[in-house]
Amino acid sequence: MFSWLRRMRPAPRIPDEAWQATLARYRFLAERSPADVDRLRELAAEFLRDKRFHGAHGFVISDEVALAIAAQAVLPVLHLKGGLDWYDDFVGVVVHPSEAVAQRTTVDSTGVVHEYEEIVAGEAMDRGPVMLSWQDVLASGATRDEGYNVVIHEFAHKIDMRGGSADGCPPLPRGFRGSSNSRDARAAWLAVMQPAYDTFREKIIVAERFGGEEPWLDAYGAQSTGEFFAVACEAYFVNRERLRSDFAELVLLFDEFFTPPGKR
């Protein structure tokens, strides 16, 4: 699997045939500007050089698998200052053939510990590896209308976690939205993020309890602001116009964070 990349610095260009096949399968990558596509190719090569892929349950990591994940994983940091430094807290990417069962433990308000299992398509661990379902990664070439993309979802969590917990507010650059300090920057971010989340959560509740129309975004985003951030990021990068039709202010906020002035 691209073993030659790991031995070379700087990382060489990804072979044309492999890159074009990836762009053909994931059209939302190919539809970006030529400059963006070239930068994606460079970052994907660096990602492949620096990360280690592991197949779970006998799954074989092929060039197609590794490149598909790398090309989508680097999309959120395409224009962020620091680039792949946002992902420097981990090395491993674990790929399952399909959804996996994760063991969960929670403590309720009375102090009682509850253990249960959850079926997941991906998981990003704080200062740990990223787990992905290849079945869902592969499907992301066809699920852009629904704004679904498991790779972007999990790597959005990684970006969010750079500021601590995955709470829906990533570390913000100095002066974000005219702020003079990190507290004001966070307040400016949450002034948009929180109402968007509240609106989405209310729609999910109305749909589930009263038979209202279900939102097109993944209902999992109603779990928390952190999950809403990841779900919204999926849509932002694969179906921006549809997200803007529902959350115009949120898209503007994401534009300011993910695409700094001079890159838009």
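A salt bridge is a side-chain nitrogen of Lys or Arg within 4 Å of a carboxyl oxygen of Asp or Glu. With that in hand, you can look for a network of such bridges that links R240, E241, R244 and D255. Keep in mind that this is a predicted model; it holds 13 salt bridges.

**Salt bridges to find**
- R25 pairs with E64, and their closest N and O atoms are 3.8 Å apart. This pair links distant parts of the chain, with R25 in helix α1 and E64 in helix α4, 39 residues apart.
- R25 is partly exposed at 40% relative accessible area, and E64 is partly exposed too, at 42%.
- R32 and D36 meet through their side chains in another salt bridge, 3.4 Å from N to O. D36 counts as buried because its relative accessible area, 12%, is under 20%.

**Around D88 and D89**
- D88 forms a salt bridge with R162, with 2.5 Å between the closest N and O atoms. Here, too, distant parts of the chain are linked: the two residues are 74 apart, each in a loop.
- D89 sits in the loop between α4 and β2 and is buried, at 17% relative accessibility.
- The D89 side chain makes a polar contact with the side chain of K158 at 3.1 Å. Leaving aside neighbours within four places in sequence, the contacts of D89 also include R162 and G128.

**The nonpolar core**
- In the largest nonpolar core there are 79 residues, and F47, L250, F254 and F258 have the most contacts inside it. Helix α8 gives the largest share, 10 residues.
- Beyond residues up to four places away in sequence, F258 touches several others, including P76, I159 and F229.

Methods
Residues are numbered from 1 along each chain as its sequence is written. This is a predicted model: local features need pLDDT of at least 70, side-chain atom pairs count only at pLDDT 80 or more; totals for chains, interfaces and linings use all residues. Side-chain values use heavy atoms; hydrogens and water are left out. Helices (H or I, at least four residues) and strands (E, at least two) are DSSP runs, numbered from the N terminus. Buried means under 20% relative accessible area, exposed over 50%, partly exposed in between (1.4 Å probe, protein chains only). A polar contact is a pair of N or O atoms within 3.5 Å; within protein, one must be able to donate a hydrogen and the other to accept it, and residues adjacent in sequence count only if both atoms are side-chain atoms. Contact means heavy atoms within 4.5 Å. A nonpolar core is a set of buried Ala, Val, Leu, Ile, Met, Phe, Trp, Tyr and Cys residues joined through side-chain atoms within 4.5 Å.
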